[in-house]
Amino acid sequence: SGHFTYDPGFTSTASCESKITYIDGDKGILLYRGYPIEQLAEQGDFLETCYLLLYGELPTAAEKADFDMRVTKHTMVNDQMHRFFQGFRRDAHPMSIMVAVVGALSAFYHDSIDISDPQQRMIASMRMISKLPTIAAMAYKYSVGQPFVYPQNSLSYAANFLRMCFAVPCEEYQVNPVLARALDKIFILHADHEQNASTSTVRLAGSSGANPFACIAAGIACLWGPAHGGANEAALKMLEEIGTPDRIPEFIKRAKDKDDPFRLMGFGHRVYKNYDPRARIMQKTTHEVLAEIGDTDDPIFEVAKELERIALQDEYFIEKKLYPNIDFYSGITLRAMGFPTSMFTVLFALARTVGWIAQWMEMIEDPHQKIGRPRQLYTGSPQRDYRTLSQRG
Ligand code: CMC
């Protein structure tokens with residue numbers, strides 16, 4: 001029947017009320033709890049941002065110390081979890097491992113969770129924020145055939161993660177503070193983005209009362225796609241394929257061709273019809289990281305900047321308001337830090353976990369909350385009678 005509003009892709013449907021993140025896509029503004037993303041990324045740190053997203057206010061010094069301590073307390077994963085990793089092929093995509101292992105957290109902690117109890121919700125949340133870096137680093141270590149590195153709780157969130165990824169038992173490992181700071185910034189930029197596909201997935205999964213570990217695993221699965229979090233991986237692969245600035249026009253031409261499914265990865269956004277403010281900070285961070293590792297003339301960075309310059313002058317991109325999004329530059333930065341392409345979306349998932357959790361909590365606390373259950377416009381066959389196999393010939 002026709003009385004439902006048909007809105008494929010939910011381009012004009014608000015699925016919830018939210019106080020967490022504000023985006024003005026025309027102006028290119030992004031606020032977490034009212035604070036501009038630029039200020040949080042330049043002046044704050046990731047755990048402070050987590051606190052802000054979860055509690056609605058920036059922490060006082062005492063609150064921050066307490067929060068950091070609570071997050072740090074849960075960095076270890078149950079030793080039994082090591083066995084999960086061993087079940088995967090070494091060449092398994094780390095996102096497949098993430099979906100599986102984060103979902104499996106529910107097998108370890110599910111029974112202890114009563115989601116109607118705010119305190120237990122917060123404990124589950126702390127567990128995920130703390131354990132995601134450990135699990136992500138284990139996925140990486142497994143893929144390169146190196147032993148797992150246990151968390152080091154005296155380090156910052158980002159520094160600990162770098163160490164778990166890149167330290168090996170046979171050598172001293174010193175975390176590079178410039179890279180740790182850059183990674184922390186990348187985490188801040190990815191922490192939340194209102195009702196994007198993965199966040200909506202988490203809310204929808206959670207609307208049935210499913211446990212939060214399972215809901216976050218659902219979000220990770222959704223994030224994996226190349227139109228969403230997988231775009232950072234796809235963008236870097238594209239830049240590598242382009243290789244040199246002289247080949248850019250060829251790819252621009254393909255992106256504009258209606259008969260060619262190729263798109264410029266890392267370009268365009270459902271909500272931003274102006275420069276993605278995260279992309280601007282990301283580009284600066286890329287500079288900082290490349291300068292630190294002494295690779296200021298990384299050819300891929302040159303290709304990216306030139307591609308951006310050419311696209312932003314092209315009528316097609318101007319008319320459709322297609323600008324670089326966060327994924328355009330993040331891949332170059334992560335690659336410079338030493339992460340393989342397959343880890344890019346994993347890092348996005350790690351950082352977005354707090355946003356998913358904050359949104360999940362807000363949903364649970366919302367008195368209007370109902371199970372998410374869209375309607376449809378049925379376009380299939382009208383009712384008909386069953387015919388036996390012999391009647392069907
Ligand atoms: N390259 C070439 N053309 C594009 C691109 C692009 N990257 N993005 C959109 N268009 C065109 C598209 O063909 C369409 O043209 P027309 O109106 O003539 O059919 C028009 O622009 C509008 O695109 P749309 O697909 O209807 O817009 P959407 O809001 O459904 O899609 C998007 C948004 C992000 C999926 C899309 O822009 C895209 O596929 N971009 C490339 C992938 C990407 O970078 N994704 C990361 C998004 S930001 C981080 C995240 O969310 O994870």
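Student: Which residue of strand 2 does Y22 stand opposite?
Tutor: Y22 sits across from L31. Bear in mind that this is a predicted model, where local features need pLDDT of at least 70, side-chain atom pairs count only at pLDDT 80 or more, and totals for chains, interfaces and linings use all residues. Residues are numbered from 1 along each chain as its sequence is written.

Student: What makes strand 1 and strand 2 a pair?
Tutor: Strands here are DSSP runs of E, at least two residues long, and helices are runs of H or I, at least four, both numbered from the N terminus. Two strands pair if DSSP finds at least two bridges between them. Strand 1 and strand 2 (residues 29-32) have four, in the antiparallel sense, so they count as a pair.

Student: Why do strand 1 and strand 3 stand at the edges?
Tutor: The open sheet has three strands in the order 1-2-3, with antiparallel pairing. Strand 1 (21-24) and strand 3 (35-36) each have a single partner strand, so one side of each has no neighbour in the sheet.

Student: Why is V144 called exposed?
Tutor: V144, found in helix 6 (residues 118-144), has 10 other C-beta atoms within 10 Å, so it falls on the exposed side of the cut-off.

Student: Why are helix 13 and helix 16 called roughly parallel?
Tutor: Helix 13 (residues 277-292) and helix 16 (residues 326-337) pack at about 20°, with axes 8 Å apart. Angles under 35 degrees count as roughly parallel, over 145 as roughly antiparallel, 65 to 115 as roughly perpendicular and the rest as oblique. Helix 13 and helix 16 are therefore roughly parallel. Residues making the contact include M282 and V289 of helix 13, and F328 and I332 of helix 16.

Student: What does I220 touch?
Tutor: Leaving out residues up to four places away in sequence, I220 touches M95, M98, V99, V102 and A349. Touching means C-beta atoms, placed from the backbone, within 7 Å.

Note on methods
Two residues are in contact if their C-beta atoms, placed from the backbone, lie within 7 Å. Axes are lines fitted to C-alpha atoms, for helices over the stretch in contact, and angles run from 0 to 180 degrees between N-to-C directions. A residue is buried if 20 or more other C-beta atoms lie within 10 Å of its own, exposed if 12 or fewer, and partly exposed in between; C-beta atoms are placed from the backbone.
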